[in-house]
Amino acid sequence: YSVDDDEKSLSSLEIIVPRDLADGFVNNKRESYKFKFQKIFDQEAKQDVVFDSIAKPVAECVLAGYNGTIFAYGQTGSGKTFTITGGAERYSDRGIIPRTLSYIFDQLQKDSSKVYTTHVSYLEIYNECGYDLLDPRHEPSRLEDLPKVTIMEDPDQNIHLKNLSLQQATNEEEALNLLFLGDTNRMIAETPMNQASTRSHCIFTIHISSKEPGSATIRRSKLHLVDLAGSERVAKTGVGGHLLTEAKYINLSLHYLEQVIIALAEKNRSHIPYRNSMMTSVLRDSLGGNCMTTMIATLSLDKRNIDESLSTCRFAQRVALIKNEAVLNEEIDPKLMIVQLKKEIQELKDELALVTGKERTSELSQDELLQLDELIETFLEDNDPDSTLDVGADMRKIKYCFVHVKQLMNHSKISDTKLLSQHISEEKDTNKEAGEEELKKMKELLQQRDNEINILVNMLKKEKKKAQDALFQLNAASAGSTVLEQSHSINLEESQSPSSCFSLKEAKDFSSSVHRQPFLSRQTGRKMSLGCQEAFEVFKRDHADSITIEDNKQLLNQRFTEAKRLGEKLNEVRNKINHLKGEINQRRIQRAALAISSPSEELYMLDPVEEKLRTQIEEEKKCYKTMFNRLKGLKVEIEHLQLLMEKVKVKLQKDFEVWWSEESINLQV
């Protein structure tokens with residue numbers, strides 16, 4: 001291979017594969033493969049050069065408020081974990097994660113114009129299950145003891161990780177301690193391709209929030225540093241057991257990642273299969289979203305790995321076709337905004353009190369309410385169409401007047417000024433005695449009208465010439481009394497209706513304000529691991545009671561076989577006895593038929609054939625009884641052997657648990 005690192009244009013990598021010139025075959029296989037990338041690092045490149053070229057620009061963008069992602073991709077053993085995390089032998093071998101933490105905290109200390117808070121999280125995806133490597137509740141000894149992380153999605157299709165803890169880190173030392181804690185819990189195994197192969201995908205995330213003092217705007221950004229598990233060809237490595245299962249899950253998740261990359265690179269693609277795997281779901285923003293993403297492709301340029309290296313280069317070029325739209329992540333702090341608004345309201349109240357010379361409260365006083373009622377009453381009684389209701393530049397009074405007039409219009413639609421004023425007075429003092437007094441007055445007025453009518457009738461009799469005029473006055477008086485009576489009845493009905501309508505409306509509003517919320521529950525379970533089961537099988541084989549268990553097992557099998565054979569013989573003897581009894585009955589029927597057809601003395605004597613059959617039945621019964629007693633004895637012996645086997649198994653299980661705990665303690669020491 002050869003690297004053409006031109007600073008003006010893109011760097012290019014050329015891989016040359018010589019043809020296999022076998023005799024008698026035409027080989028037209030391609031020899032040269034050329035790829036272009038933004039930057040190519042040869043095998044002699046140092047970690048600080050890689051950090052300055054790749055991680056430093058992304059870290060600067062994260063400090064400015066943008067999301068960032070750096071992930072390494074390549075086959076197993078090609079150097080992904082060394083690039084992301086680094087080596088443990090020399091300080092200069094530190095990877096991108098510790099160098100990024102050091103750079104970020106250095107920049108935060110230098111920038112005193114903002115208040116920064118930093119949190120970190122460490123997620124491991126092993127066999128398509130997420131685990132929190134920074135669980136603060138306890139230090140697990142096994143991966144199964146870590147809390148499982150599940151994916152939740154809100155209506156806006158934002159991903160939330162349940163059970164993933166966020167640990168605050170105030171300085172570089174705390175962040176590095178959290179990184180080392182998570183690295184100790186990672187799944188590492190030895191494979192034919194790599195002595196310390198990471199068997200899981202790990203995502204180390206740095207969350208940074210910044211705010212200027214006194215400002216309500218908060219900037220939130222996050223930096224994903226992803227160490228993917230290496231792809232491997234099972235046919236080439238020849239792994240089996242746990243390693244084979246892990247390789248299946250690793251290759252499947254990388255296949256789904258490639259599907260997402262291909263779908264994003266295609267134009268007019270409506271569906272992107274993010275939900276196929278947990279890793280693509282977590283990295284949804286990093287792949288085609290609000291993020292500045294950088295991919296590191298690691299190659300193992302060896303003759304046997306040439307196919308994997310070419311595949312990695314093609315995959316990296318597909319990733320380069322994706323276009324992300326990174327935006328500045330700013331949001332308003334609601335608590336600080338509430339404080340600022342309250343302060344602004346108080347300042348406006350103070351200015352208003354300074355201008356008007358009056359201290360203004362949120363509610364009107366009783367005197368102000370009475371004054372407004374008088375102004376409204378005067379305004380309604382005034383027949384001048386150009387009259388106005390002037391309450392001043394006070395929104396509280398204006399709102400009260402509108403509400404009051406609206407209530408009047410809803411409760412009473414009578415246009416008469418006297419009835420409106422009467423309705424206003426009744427609304428102020430809803431007393432039944434006032435209504436009774438008004439009714440009494442109306443009755444007295446009616447009686448007075450009746451008396452006037454009687455007087456007019458007498459005048460008609462005395463003065464016939466004025467009969468027509470008197471009759472007209474009589475009709476006018478009776479009509480006036482009828483109108484007054486009708487108006488009074490209508491007034492009484494109207495005075496009772498508003499309170500009932502208003503109470504019904506209040507009840508309806510109150511009944512519509514009920515709300516309930518459901519809640520969830522969950523359960524978890526545990527079981528013995530495969531490694532513990534294998535250790536138990538070895539322990540059982542080397543245990544002192546294993547010979548006793550095998551002897552008892554063989555003896556139990558022999559007794560089961562003997563009991564089965566005795567059971568079959570008992571069935572045969574029972575069938576034989578039943579058959580002999582049938583022959584005796586048949587013999588008796590034949591003799592009875594002969595005695596009826598041709599009687600003789602011989603028929604009344606003992607039948608030697610029947611006696612012989614009876615003798616055979618007795619012998620079979622003795623044999624049946626003997627075998628039955630033997631079967632009962634075997635049953636007791638089998639139950640005893642089973643009890644012994646159960647006791648030995650329980651003892652073996654307890655011995656194994658004691659031995660297992662002792663071995664665990666010794667290993668920890």
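## Loops and helices in a predicted model

Q: With 29% relative accessibility, how does asparagine 171 count?
A: The model is predicted: local features need pLDDT of at least 70, side-chain atom pairs count only at pLDDT 80 or more, and totals for chains, interfaces and linings use all residues. Residues are numbered from 1 along each chain as its sequence is written, and side-chain values use heavy atoms, with hydrogens and water left out. Buried means under 20% relative accessible area, exposed over 50% and partly exposed in between, with a 1.4 Å probe and protein chains only. The 29% of asparagine 171 therefore makes it partly exposed.

Q: Where does asparagine 171 lie?
A: Helices (H or I, at least four residues) and strands (E, at least two) are DSSP runs, numbered from the N terminus. In space, asparagine 171 sits 8.6 Å from threonine 118, C-alpha to C-alpha, though 53 residues separate them in sequence. Its spot in the chain is the loop between strand 9 (167–168) and helix 4.

Q: What is the phi of asparagine 163?
A: Most residues other than glycine have a negative phi. Asparagine 163, in the loop between strand 8 (159–162) and strand 9, is partly exposed because its relative accessibility is 31%. It isn't a glycine, yet its phi is positive, at about 75 degrees.

Q: Which loop holds asparagine 127?
A: Here's another positive phi on a residue that is not a glycine: asparagine 127 has about 55 degrees. The loop in question runs between strand 5 (115–126) and strand 6 (129–132).

Q: How far apart in space are proline 213 and lysine 114?
A: Proline 213 is in the loop between strand 12 (201–211) and strand 13 (217–227). It counts as exposed because its relative accessibility is 62%. Lysine 114 is 99 residues away in sequence, but C-alpha to C-alpha the gap is 6.5 Å.

Q: Is threonine 76 buried or exposed?
A: Threonine 76 is found in the loop between strand 4 (68–74) and helix 2 (80–84). Glycine 77 is in the loop between strand 4 and helix 2 as well, and its 43% relative accessibility means that it counts as partly exposed. Threonine 76 has 3% relative accessibility, so it counts as buried.

Q: How are helix 1 and helix 3 oriented to each other?
A: Helix 1 (residues 47–63) and helix 3 (residues 96–110) pack with axes 10 Å apart, at an angle of about 50 degrees. Axes are lines fitted to C-alpha atoms, for helices over the stretch in contact, and angles run from 0 to 180 degrees between N-to-C directions. Angles under 35 degrees count as roughly parallel, over 145 as roughly antiparallel, 65 to 115 as roughly perpendicular and the rest as oblique. So this pair is oblique.

Q: How is helix 3 oriented to helix 4?
A: Helix 3 also packs with helix 4 (residues 172–184), at about 160 degrees and with the axes 9 Å apart. That angle therefore makes the two roughly antiparallel.

Q: Within what arc do the buried residues of helix 10 fall?
A: In helix 10, Leu372, Asp373 and Ile376 are buried. Seen down the axis, the buried residues line one face of the helix, because they fall within an arc (of the directions from the helix axis to the C-beta atoms) of 105 degrees.
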